[in-house]
Amino acid sequence: MSNALDQRKYAKISFEAVREHLVSIMKAKGGNLADASESSYGRLMTDLFSGTADLMGYYAESGFMNAFMEPSSTSTPSIYANARMLGYSIRRPVPAKAGIGIAATKTGKYNSIRVRIPKGTEFTIGGLTLTAMDDMEFYYNRNTDPSNTGLMTLVSGKAVVAEGQFKTETLVSTGKQNQIHVVNDTTFSDYFGDNDPNFDDDGNVAHRAAAFTTVTSDATLMDNVDPSVVVNDKLYWRVSRRGLIDPSKENVLNDIEKFAAGQDNYTDNYTVEITTANDGNVQLKFGDGLNSAIPYGLINVTYFSTLGEGGNLLDVAGTVLATSDSKIVITQGDGTESDITLEDLNIALTTDIRSGLDIQSIESIKADAPYIFNSLDKLVNRMSYKIFLRRYADVKYATAFGEDILNTKLQNGSIDVKFMNQIRFSVLKSLYRKKDKNYYPTTSNEYFLDGCKINGLMYTWLYDYGELSKQGLDSGHWAMAERVNKAIDSVFNGVVCYKNSEGYVDVSAQVKQAIRKAVMPSDIPMDYQVYSAKLSPLDFVETGSELYNVMTSLNQRGMVTLGGGYHNYVYPSVHEMQCHLDITLYRGNNFTDVKERVQNIIYKYLSDNTEFASPIYRSRIEALVHNLTEVEGVDVTFAPVVNQYNALNVAQLPWLGSVTSEFIAPGSVTIDPFDFTLQYTLVESNVKTTTTRTFTMPNQSTIQNLIADYCSTMISNHLETVTDLEIDRFVAYIWSQVMQQIYTPIADQIDTATAQGDIETVRSLRALIDAIKGWELGPDSLTFKDTDTITSMSEVNGNTLYDYLKYGLNYIKLIRNVLAYYVTKSLIDDNGNITNYTNDNEIVQVVVPVDEIDLTVSLDSVLLTE
């Protein structure tokens, strides 16, 4: 049983080591036990004690290795069994998903169309079955579609389909305690328990019934039935991924005397645990009648079956889906019968079918399962977020941070309440991958998660660390104006007349307007802040995309779900660094593959040790290269990768300048004032009015000078040391000015209406500003998110506003590209290591080009093997 000390990774105890120490102690103490000869009493006692310690060390080492799942590196059943023992829930196959939309090929004889697609509706494409994940409803009105596109608007639900279909397995209860049943289907998806897309309040029977995975049994055969979880004599079990304890009942004591004599169930906790069995199938475990109830009769398990990665299908966005599902309901807008049929609708994919994953890999389980003890499988710290995200999606690197980090970014040291009760996170796939036994650095198409919308609002939504504006909604002034308006309408509800030579004249309208003008505040502060728009983080990602799936899963599991709490994706800032190596080799060997081996060991190390805002030390890489037997010495230096924008000077790229136009096409936007026109439906007191308004953008020389001044004072004066945080602030400043340019002409019309006492116009224009904040850049036009007051908004009579915002986006990209080299350079500290991070979403990808590995041979040395 004795093991060498270096064979024990955790316990670090061996028979020989203990005996050696004991002999030393006994010799120092003297006496009868100091004799360590073969037949001595002292040797007998030290051997007995050492053997006992060795035995304890053996079991301790076994316990640690089991906890970290090291002895079962090649056995999948052992890995699954150990994961369950640790309380770790293995991620099962995740369905690929896609967004869908509807276009009517004809509008029929009625003006409006309403289409209802219930959850579970099946579609097909290329041999795959896609299933609607939610009840969704689309609406179309040809009166608001002058171009006759036929495109319908989603008015409720999530327009997402998942690859796979619902299945039901019927099991038969044995009536015994601690029953275990197996569903023999390796395609059983990860949509169960708190990973269920419809997971909410698992104590509510309606939520249990709406879940993707449901477990029901015959309630009439049960003792002590809780009627609140029974529907039509079916008892809906609470599905758990980790144990049979229901937290809501954990501290509730059952009064045994109240239960009928002879019954088997002495609890109203109806929890079933679903886990992955050793063979990859699914097992259901029920209770003993005390901690969790015993089922009787037939047990029906409904679950979602998926092909996982086999369901991914690329380059299919825009493809029309086939369906003959009779559950789809088509009516007029008011719900009455329509002449439109399913054949008159094109239900098509708006995205590729992506994000499907196979069951969690053995390597991933071994890496993640031990950390279950760190957070008790809750999202409470960075490590718990990292582990969760790596389990849920093909994520290699992840970080999360909240108000404690965000508020330190404020330049004046103050606290911004807008950062409270929110978590921001960044995720990336692997920056290095293995192919044919060698590692290589991946490209941006490989490591970014898809789904981030082209939406410039995200810049100020995320990066407004500085105080962009102190103007906010003054509810006092606005409330006073509202009360005055109501009072005027109440007092002057009759006719006010005066008599002239021609008779009586009604002057009610003039009197009302005069009073309003006199009592309304002269300056109602405007709400210019972008982040105060009625948006959520999900408005910045594509429905059904990889990011959408990650964010919805975080919102289900996260701890910031109360009030305004949310998870917000922060686009990772990936810096491209180059590694140069000067390597001295021992003479007398063939060095043809040294460079390739150096590349491989460095990329492998970086793949395993790269993290967000994590230092990369030269000495670590030098030590790796030194391990090659032919290497005598090595020196590593880092430098930013030179890109095609390095020759440009950011100070010579003004907003809408002639030099800048060589890189960005301004479209219909000019430095001189120009108009943009918006058409929308105004909803007030359930009355809908189609409104068209034109606004004149101010001369762009003002914003040009503001951006130039900021750049010269905050960026250009220390270009060699500019940081990622400073670039974020610069970007936020640019976008605040861009959006202010759009709001200014609207604010001017608000001022005019205020001076005239026209509170209705003031109210509608303020609502228009909120609606504009929900813009999104499409392929050739703008779309806007509907608000309570403004719906169906579009730009008409040209695309000037679209061109303006598109120019702003491209200008930001240009600025970032020009400054990327300097930001990357600033990460290198005085010792040549990569440590100077200023943002938590920064990460470095190091490339090792073959021509950056310089080899020399030492003439004064020989190979170590000689």
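**Packing around helix H17**

Guide: Helix H16 (residues 701–714) packs with helix H17 (residues 724–755) at an angle of about 165°, and their axes lie 10 Å apart. A helix here is a DSSP run of H or I with at least four residues, numbered from the N terminus; an axis is a line fitted to C-alpha atoms over the stretch in contact, and angles between N-to-C directions run from 0 to 180 degrees. At about 165°, H16 is therefore roughly antiparallel to H17, a word used for angles over 145 degrees.

The model is predicted, so local features need pLDDT of at least 70 and side-chain atom pairs count only at pLDDT 80 or more, whereas totals for chains, interfaces and linings use all residues. Residues are numbered from 1 along each chain as its sequence is written, and side-chain values use heavy atoms, with hydrogens and water left out.

On the H16 side the contact is made by Ile703, Leu706, Ile707, Tyr710 and Cys711, and on the H17 side by Arg729, Phe730, Tyr733, Ile734, Gln737, Val738 and Gln741, where contact means heavy atoms within 4.5 Å. These residues divide into nine nonpolar, two polar and one charged. In this scheme Ala, Val, Leu, Ile, Met, Phe, Trp, Tyr, Cys and Pro are nonpolar, Asp, Glu, Lys and Arg are charged, and the others, Gly among them, are polar.

H17 also packs with helix H18 (residues 759–772), at an angle of about 165° and with the axes 9 Å apart. H17 is therefore roughly antiparallel to H18. The crossing of H17 and H18 is left-handed. From H17, Ile742, Tyr743, Ile746, Gln749, Ile750, Ala753 and Thr754 meet Thr761, Val762, Leu765, Arg766, Leu768, Ile769 and Ile772 of H18. The contact of H17 with H18 comprises ten nonpolar residues, three polar and one charged.

In summary, H17 is roughly antiparallel to H16 and to H18.

Conventions:
Helices (H or I, at least four residues) and strands (E, at least two) are DSSP runs, numbered from the N terminus. Angles under 35 degrees count as roughly parallel, over 145 as roughly antiparallel, 65 to 115 as roughly perpendicular and the rest as oblique. A crossing is left-handed if the near helix is turned anticlockwise from the far one by less than a right angle, and right-handed if clockwise.
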